[in-house]
Amino acid sequence: MISIRGRAATRRVAAALASGLLAAVGAVAGAGPAAAEEPLGSAPSSDGATAVLDGLKVYDQAIVREDGETTETGAGLFEMSVAGGGSLQTYCIDMHNPTQEQAQYQEVPWQTSSLHDNPDAGRIRWILQNSYPQVDDLAALAKKSGARQLTPQTAAAGTQVAIWRYSDGADVSAVDKNAEKLAGYLEKAAKNLTEPRASLSLDPPAVSGKPGERLGPVTVRTTAQRTSVVPAPDAASHGVRIVGRDGKEITTAADGDQLWFDVPADAEAAFTSLTVQGATTVPVGRAFTGIGEHAISQTQILAGSSDSTVTATATANWAAQGAVPAVSARKNCAAGGLDITVSNQGDEPFSFNLGEASYETPAGKTETVTVPVQEDQAYKITINGPHGFAQTFSGVLDCATVTSGSGDDKGTAVQTTPVTVGGSGSDVNLAETGNSSNVPLLVGVALGLLVLGGGAVLMVRRNKAEPADTDE
């Protein structure tokens, strides 16, 4: 096996501090008319299940060998509680990164996780589908793998070990001989499967147009049999209805259904949103990454799901004349940045800046710009448009299981308690750091990271004077 060095603990702490503090820095840097109110959209496009990590629950022990050292660690199944109802079981696919109980996670595609450039990602999915807990006949699983017997604990440990060999290239083995038998069998038998579909997504996540039109369509993609469709509270004040292909108001949708924002002809320039929500089992093999203050928490992959609440949101922007942008964002791990997609359904070009570069989306066109972001770097990008339109995307780019070690990199530190696999006893509890009395010091650190990181906080504005709003 290939031994790979992990992130230095100091980098993990610094990046997390930046994630928690640069939002305040960005608010100061971007003070302006559109910054006075909370901009529409606060994160890259996220669909599906959101959950809170409850900890490592079913596990046994494994040995990790790295840089001539060996470390014993817990290896097995984590459990998560889904926001809105439901529960998930997951394995780790990011053993060099720490995590905490109660960390928040979001379902994401492989391309926005550490699996984005992993040629063996499909083999991990095969392991998940052909081992515990998807296969709960442990006697049959033991016979197939050549193990004498398996318990839930040793089956979970063997499965996790096999996954680590493909997700992290780790030199790792199970302590229990039967668990190691299972790990060896799964590693050798694994076949490359395709990525599972999202439990719920909306395509596109943002639309725009003129009053008197139906803005869309927004296509629902889901594994749920039926979902509810709920317009934002402000939609009614604008006279906006959510309708189907026949123009009739719609309150539920199934997979493949299309939705439109029906905007009255006399509606003043504004924007609104809709939320689609349902209950379904999340497909095995979906990746989960940390969000919010836990944005660089250990990446997880789904091993099992109860019926769970899944949610997705789409936005709409309209105006009678001028540029009418629809903006969405998604992490692009392959390109090392954030893809900003701008669609302009107005009658004038939409001009904006990203850092020192200027861009223009012609009327009736859609274009995507990738904003480079360093690994573990916090970002906050606000795009301002005409008629008070504003959207902000913030987070931390966490795409790698490992990074190139520097002189200060201490290598992998694997925790021996069952709460987390990764990190060390000396790691700072990032959940508590933000509540400490050292806030001025931490703000200074965040400002320093902002300068060293090449300006991850970007305020994106139109680069020409706004035309007068003739709708008022």
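Residues are numbered from 1 along each chain as its sequence is written, and side-chain values use heavy atoms, with hydrogens and water left out. Because the model is predicted, local features need pLDDT of at least 70 and side-chain atom pairs count only at pLDDT 80 or more, while totals for chains, interfaces and linings use all residues.

**A single residue.** Select A174, which is found in strand β5 (residues 171-174); strands here are DSSP runs of E of at least two residues, helices are runs of H or I of at least four, and both are numbered from the N terminus. A174 is buried, with a relative accessible area of 8%, where buried means under 20% with a 1.4 Å probe and protein chains only.

**Two helices.** Next select helix α3 (residues 138-145) and helix α5 (residues 177-189), which pack at an angle of about 70° with their axes 9 Å apart; the axes are lines fitted to C-alpha atoms over the stretch in contact, and angles run from 0 to 180 degrees between N-to-C directions. The two helices α3 and α5 are therefore roughly perpendicular, a label that covers 65 to 115 degrees. To see where they meet, show L141, K144 and S145 in α3 together with K181, L182 and Y185 in α5.

**A sheet.** Move on to an open sheet of three strands, ordered β17-β18-β21 with antiparallel pairing; two strands pair if DSSP finds at least two bridges between them. Both β17 (325-332) and β21 (365-372) stand at the edges with a single partner strand each, so one side of each has no neighbour in the sheet. Strand β18 (residues 337-344) pairs with β21 in the antiparallel sense over eight bridges, and V342 stands opposite E367 in β21.

**The cores.** Finally, colour the largest nonpolar core, which has 81 residues, with Y91, L259 and F261 making the most contacts inside it; such a core is a set of buried Ala, Val, Leu, Ile, Met, Phe, Trp, Tyr and Cys residues joined through side-chain atoms within 4.5 Å. Helix α4 (residues 152-167) gives this core its largest share, eight residues. A second, separate core of 20 residues includes L338, V373, Y379 and F389.

Key. Buried < 20%, exposed > 50% of the residue type's maximum accessible area, 1.4 Å probe, protein only. Parallel < 35°, antiparallel > 145°, perpendicular 65-115°, else oblique. Contact = heavy atoms within 4.5 Å.
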